[in-house]
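Hi everyone, thanks for coming.

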Amino acid sequence: MGDGTSLSYPARGATSPDTPFWPASPPGYRRYEKTVTLGHSDGTWAAARDAVVRWEVKRRSGFSVAPADGGGLRVRSGGRYTITAGPGRFSVREPVEVVAVVETANRCGFAYGTRWGHPVSGEEAFVVHRDDDGRVLLTLRSLTRAAPAGPWRYLFPVLLLVQLGVRARYLRALR
C-alpha cells in the first residue's frame, strides 16, 4: 500500500503528452484518446496554451485545483496538486502529481498521475497542439483502472460512468 505521497501506479508518463502518436499502453488500463478542434487563429493558440497549463480544462469542467506542495497553480513537472470535485462535505479530494510537461512551438500540455487516495488509478493528459494547416486542437488521453486499495475500488463501475460525462466537459472546456 502507498504512503499517501507516491503515485498509485507504476507507469509514470504512459500517456506520452509530448508525442503526436500515442505508443502502446501498459496492460490492465482502460485507454482513452480523443481530439477536438478549438479553432485556427494565433489568438486561439495563445489562449489555449495559457489555459491548458493553468488547469483550465479541469477548472472549467467544475473542478477546483489547488497546489498541495506550496507551488503555484501553473503546472510544473513533479508538482503536486489536490483536485476537488463536488460541493462542500460531499466533495471528493483527488491527490495528483504532474508527471510530464511539454511546451514546444506547436505542442503544449501535461500529464498528471494519481497518488494514493485518488478514487481511481492511472494518468490523464491534456495537450493543445497545432497541425500543419494551423488548426488548434485539444487532445485528451487517459489510462484508468480501479484504485489499488480503499473504498473507491468497489465503486469503480460507477466511477467509469461518471468519467464519461466528465470527459465530455473536458472536450468542451476550451471552446
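Let me begin with one term: a residue counts as buried when its relative accessible area is under 20%. Phe126 has a relative accessible area of 1%, so Phe126 is buried. Please keep in mind that this is a predicted model.

Now, the sheet. It is open and has seven strands, in the order S1-S7-S6-S5-S4-S3-S2, with antiparallel pairing. Strands S1 (30–39) and S2 (63–67) are at the edges with a single partner strand each, so one side of each has no neighbour in the sheet. From one strand to the next, the twist averages 25°.

Look at S6, residues 120–130, and S7, residues 136–146: eleven bridges join them in the antiparallel sense. Ser121, for instance, is opposite Arg145 in S7. Two helices that pack on the sheet are H1, residues 42–52, whose direction makes about 155° with that of S6, and H3, residues 156–172, at about 170° to the direction of S7.

Back to the aromatic rings. Which residues form one aromatic cluster? They are Trp55, Phe63, Tyr81, Phe110, Tyr112, Phe126 and Tyr170. Within the whole structure there are seven aromatic pairs. In one of them, Trp55 and Tyr112 are tilted, 5.7 Å centre to centre with 40° between the planes. Trp55 sits in the loop between H1 and helix H2 (56–59), 57 residues apart from Tyr112 in strand S5. Both Trp55 and Tyr112 are buried. The ring centres of Tyr112 and Phe126 are 6.3 Å apart with planes at 35°, so this pair is tilted.

Finally, Lys58 lies over the face of Phe63, 4.1 Å from the ring centre.

Definitions and conventions. Residues numbered from 1 in each chain as written. Predicted model: local features only at pLDDT ≥ 70, side-chain atom pairs only at ≥ 80, totals over all residues. Heavy atoms only, no water. Pairing = 2+ DSSP bridges. Helix = DSSP H or I, 4+ residues; strand = E, 2+ residues; numbered from the N terminus. Axes fitted to C-alpha atoms, helices over the stretch in contact; angles between N-to-C directions. Contact = heavy atoms within 4.5 Å. Phe/Tyr/Trp six-rings, centres within 6.5 Å; stacked < 30°, edge-to-face > 60°. Buried < 20%, exposed > 50% of the residue type's maximum accessible area, 1.4 Å probe, protein only. Lys NZ or Arg CZ within 6 Å of the ring centre and 35° of its normal.
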